[in-house]
Amino acid sequence: QALLKNVSILTDFPQVTSLILCEEYQIKQVFINIIKNGMEAMPLGGNLTIKVVERPSDVIIRISDQGQGIPAELLPRLGELFYSTKETGTGLGLMVSTKIIRDHGGTINIASDVGKGTTVSISIPKALKPTISSND
């Protein structure tokens, strides 16, 4: 789909990434939804960047597009049911994505500049490292 829309997907991942405890298909659904939204925001094409940042207790995934951006006054309503900035949108995709991330103990934040693009930052807690008990 990216090729058809003249969208280049650029990635910036660390060499080693920590594990997260998650429901794989739910997290895939979130990423597909956010990436699809980013591509749709760039009808003439552009770069979609996916960056992973490690922090001590969580992993941040930032998905940025070069679309038209979203006016600041509309940002607080994103994620509401039946609210969308797209003509045929229902708002359901972002609402479900937000719920999935919250159910995983994470957060989702959206920053946007009109005329420059939008960045969705998803924070997901790292999986706790298993401890080995000497009494086992």
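At 37% relative accessibility, Lys-36 counts as partly exposed, in a model that is predicted. Its partner is Glu-40, and the two side chains meet in a salt bridge with an N to O distance of 3.4 Å. Glu-40 is likewise partly exposed, with a relative accessible area of 31%. Because Lys-36 and Glu-40 are 4 residues apart in helix α1 (residues 24–40), about one helical turn separates them.

Helix α2 (residues 92–103) holds another such pair, Lys-99 and Asp-103, which are 4 residues apart, about one turn of the helix. The side chains of Lys-99 and Asp-103 meet in a salt bridge at 2.7 Å, N to O. Asp-103 is exposed, with a relative accessible area of 54%, which is over the 50% cut-off for that class.

A further salt bridge joins the side chains of Arg-55 and Asp-58, at 2.8 Å from N to O. Here Arg-55 is partly exposed at 41% relative accessibility, whereas Asp-58 is buried, with a relative accessible area of 8%. Asp-58 is assigned to the buried class because its 8% falls under the 20% limit.

| Lys-36 | Glu-40 | 3.4 Å |

As a general point, side chains of opposite charge can pair when their charged atoms come close.

Technical notes: Residues are numbered from 1 along each chain as its sequence is written. This is a predicted model: local features need pLDDT of at least 70, side-chain atom pairs count only at pLDDT 80 or more; totals for chains, interfaces and linings use all residues. Side-chain values use heavy atoms; hydrogens and water are left out. A salt bridge is a side-chain nitrogen of Lys or Arg within 4 Å of a carboxyl oxygen of Asp or Glu. Helices (H or I, at least four residues) and strands (E, at least two) are DSSP runs, numbered from the N terminus. Buried means under 20% relative accessible area, exposed over 50%, partly exposed in between (1.4 Å probe, protein chains only).
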